[in-house]
Amino acid sequence: KAIIVTSDGDFYSLVKYLYKNNKLERVMSPYIKTCSILLKKTAKEKIIFMKNLRRKLEYKKKNTA
C-alpha cells in the first residue's frame, strides 16, 4: 500500500486510482489550510495532517539524573 506525502492537488488522479483499488494507506499533508480541497475529498478518511502528529513525533528529552 502507498503512503503519499503532499498537499498538491496535482496528485488527485493518483490518489483516486489508489483509493479505488484499495492500494492507498494514507495521504499525509503538512498543513490543513494549504492542502488541496480536491485532495481532501478524494482521500476521504485516509488523509492525516502532520501538524496533528506533532505530539506523537516530537523528541522528548529524557531526564537522566
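Colleague: Gladly looking at it now! Which residues does Thr42 touch, not counting residues up to four places away in sequence?

Modeller: A word on the source: this is a predicted model, in which local features need pLDDT of at least 70 and side-chain atom pairs count only at pLDDT 80 or more, while totals for chains, interfaces and linings use all residues. Residues are numbered from 1 along each chain as its sequence is written, and side-chain values use heavy atoms, with hydrogens and water left out. Contact means heavy atoms within 4.5 Å. With residues up to four places away in sequence set aside, Thr42 touches Tyr12, Val15, Lys16 and Tyr19.

Colleague: Is Thr42 buried or exposed?

Modeller: Thr42 sits in helix 2 (residues 37–43); helices are DSSP runs of H or I with at least four residues, strands are runs of E with at least two, and both are numbered from the N terminus. Buried means under 20% relative accessible area, exposed over 50%, and partly exposed in between, using a 1.4 Å probe and protein chains only. Thr42 has 11% relative accessibility, so it counts as buried.

Colleague: And what about Asn21: which backbone oxygen does its side chain reach?

Modeller: Asn21 lies in the loop between helix 1 and strand 2. Its relative accessibility is 37%, so Asn21 counts as partly exposed. At 2.8 Å, the side chain of Asn21 reaches the backbone oxygen of Tyr17.

Colleague: In what order do the three strands lie in the sheet?

Modeller: Two strands pair if DSSP finds at least two bridges between them. Strand 1 (residues 2–5) and strand 2 (residues 24–29) run parallel and are joined by four bridges; Ile3, for example, has Arg26 as its bridge partner in strand 2. The three strands form an open sheet with parallel pairing, in the order 1-2-3. Strand 1 and strand 3 are the edge strands, each pairing on one side only.

Colleague: How many residues make up the largest nonpolar core?

Modeller: A nonpolar core is a set of buried Ala, Val, Leu, Ile, Met, Phe, Trp, Tyr and Cys residues joined through side-chain atoms within 4.5 Å. Here the largest one includes Ile4, Val15, Val27, Leu39 and Phe49, and has ten residues in all.

Colleague: Which elements give two or more residues to this core?

Modeller: One of the core's members is Val27, whose contacts beyond four places in sequence include Ile4, Val15, Leu39 and Ile47. The elements that give two or more residues are helix 1, strand 2, helix 2 and strand 3 (47–49).

Conventions. A polar contact is a pair of N or O atoms within 3.5 Å; within protein, one must be able to donate a hydrogen and the other to accept it, and residues adjacent in sequence count only if both atoms are side-chain atoms.
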